[in-house]
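I opened a new page for this structure today. My notes follow the order in which I looked things up.

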There are 2 protein chains.
Amino acid sequence: MKQNIYDNPIFFEQYSALRETGVTANDFVEQPALKSLIVSLEDKIVLDLGCGAGSFAKYCAENGAAEVTAVDISSNMIEKAKKENPHEKITYLCTPIEELELQHQTFDLIVSSLAIHYIADYPSLIDMIKRLLKSNGEFIFSTEHPIVTARKEEISNWVKDGEGNKLHWALDHYQNEGKREQYWYIDGVIKYHRTISTLINILIEKGLVLESVIEPTAIPGGVELRPKLINEERRPSFIVIKARKM
Amino acid sequence: MKQNIYDNPIFFEQYSALRETGVTANDFVEQPALKSLIVSLEDKIVLDLGCGAGSFAKYCAENGAAEVTAVDISSNMIEKAKKENPHEKITYLCTPIEELELQHQTFDLIVSSLAIHYIADYPSLIDMIKRLLKSNGEFIFSTEHPIVTARKEEISNWVKDGEGNKLHWALDHYQNEGKREQYWYIDGVIKYHRTISTLINILIEKGLVLESVIEPTAIPGGVELRPKLINEERRPSFIVIKARKM
């Protein structure tokens, strides 16, 4: 059974409320980095893995993509996507990424925004992505940075002084890959910690060519609108990776 | 003026004494990882940047390399190398890596063990390496892990409880690349912090193809002989990278 927290009503409501503020780390840190790695969407056949409410799929459709297949495990999310971000060039599919069956389709660009840390079997995912990419096709994904997922403690990794000032980020258990359980609106949200070397080497071992790695900070203006994003300077929350099938 | 701590008599004596124990993180963590990335030394023309006392150069010469050029900034180290690790196939040169002039030579393999964090200008170094590599030549290097070099505080990054137990590793200032000054046998040892994305992207931007990234832990038996190496499981001290000139 694949994890589907986004169909938990409490999680869904609170997560949706956060994203709708429009001033999150997604808006000012992760999404700009992901988009910066896309050279062109013109006439591209795109697959979006973990599309959520469809805003990135819509971005692709509105910026020249020929077709966008956008996939999410959560029926809540797919419903919201169809309602809020419908587009004639987008096909929304409700399915776990791991069970995706696209027999005769291949893609110029496969994108995945902050979904891969929910996937238990990364090598099999990369096998699938290699199979689904056209020759010269690109795979661009963001995931939580290993610096952020490493430590097993449930408590915050910001160590604070008596006045609540952040002293430093606590890192531990880096080499111990696997499940991390955390409270995020609800109990028991499961993410998978992988080292940087695993994230990169599996891509290369499966035959993709690494093109870029970004550990993004906030875009100009982001810190003014969401001051805590200054902390991205102190430790990266995300890592964004681009690889190509040759 | 390039930094030359290894010609400081106090540093040189204490560093040499450490390495001569034969039970350091170099022996059980860094060197095995570096060597694991070398597929074959047979008939290879090798350049060793920051060769120290020459043990790695000797390893190359004894394992089939046709020629080894081994370079170090420290005359202490080069003297020691010539005395302790002489070999007809090795040429030892005393020069800062940045000022190396090898007009008509190119190499099958360029190796650098824990020297690159002393180099201020990484992009220029990679330019030089690209120029010195033959087509299909390999560049394999180890450096201090960005997780270890990031934080600016001079105090230890292991945060301990009242009984001296290590609670976690303190990380900070990750995105603030540049000089870090630390006490290591002597005051004012300067290293340069670079992010993982910088270490990797500069290689790619300069036209090399990334082949592997290792964040090594101790080899079997290492922890028994040097118990504190168990901490490499908690945070990596080193990162080892292999790239190829296509």
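**Entry 1: confidence.** I noted at the outset that this is a predicted model. I looked up the scores before anything else. Chain A has an average pLDDT of 95. I found that 100% of its residues score at least 70. For the complex, the predictor reports an ipTM of 0.94 and a pTM of 0.95.

**Entry 2: the sheet of chain A.** In which order do the seven strands of the open sheet run? I read the order as 3-2-1-4-5-11-10 in chain A, with mixed pairing. Next I checked the edges. Strand 3 (90-94) and strand 10 (208-214) of chain A each have a single partner strand, so one side of each has no neighbour in the sheet.

Strand 1 (residues 45-49) and strand 4 (residues 107-113) of chain A run parallel, joined by three bridges. Within strand 4 of chain A, Leu109(A) is the residue that stands opposite Val46(A).

Helix 4 (residues 75-84) of chain A lies across strand 2 (67-72) and strand 3 of chain A. I noted its angle to strand 3 of chain A as about 160°.

Entry 3: Most residues other than glycine have a negative phi. I therefore wrote down two exceptions, citing that rule. Asp43(B) is not a glycine, yet its phi is positive, about 60°. I located Asp43(B) in the loop between helix 2 (25-36) and strand 1 (45-49) of chain B.

Leu114(B) is not a glycine either, and its phi is positive at about 55°. Leu114(B) sits in the loop between strand 4 (107-113) and helix 5 (122-132) of chain B.

Are Asp43(B) and Leu114(B) buried or exposed? I looked up the neighbour counts. Asp43(B) has 10 other C-beta atoms within 10 Å, so it is exposed. Leu114(B) has 20 other C-beta atoms within 10 Å, so it is buried. The cut-offs I used are 20 or more for buried and 12 or fewer for exposed.

**Entry 4: how the chains are related.** What rotation superposes chain A on chain B? I found 180°, with 0.0 Å of shift along the axis and an RMSD of 0.0 Å. That is the relation of a two-fold axis. The contact uses the same surface on both copies: 100% of the contact residues of chain A recur in chain B. I also asked which residue of chain A comes closest to the rotation axis. It is Ala170(A), whose C-alpha is at 2.5 Å.

**Entry 5: the contact.** I recorded 29 residues from chain A and 29 residues from chain B. On the side of chain A, strand 7 (166-171), helix 7 (196-205) and strand 10 are the elements that give two or more residues. Strand 10 of chain A gives the largest share, six residues. By type, I listed 13 nonpolar, nine polar and seven charged residues on that side of chain A.

Strand 7 of chain A and strand 7 (residues 166-171) of chain B run antiparallel, with three bridges joining them. There, Ala170(A) stands opposite Ala170(B).

Note on methods
Residues are numbered from 1 along each chain as its sequence is written. Chains are lettered from A and ligands numbered from 1 in the order in which they are written. This is a predicted model: local features need pLDDT of at least 70, side-chain atom pairs count only at pLDDT 80 or more; totals for chains, interfaces and linings use all residues. Copies are superposed by least squares on the C-alpha atoms of residues with pLDDT of at least 70 in both. Two residues are in contact if their C-beta atoms, placed from the backbone, lie within 7 Å. Two strands pair if DSSP finds at least two bridges between them. Helices (H or I, at least four residues) and strands (E, at least two) are DSSP runs, numbered from the N terminus. Axes are lines fitted to C-alpha atoms, for helices over the stretch in contact, and angles run from 0 to 180 degrees between N-to-C directions. pLDDT is the predictor's confidence in each residue, from 0 to 100. Ala, Val, Leu, Ile, Met, Phe, Trp, Tyr, Cys and Pro count as nonpolar, Asp, Glu, Lys and Arg as charged, and the others, Gly among them, as polar.
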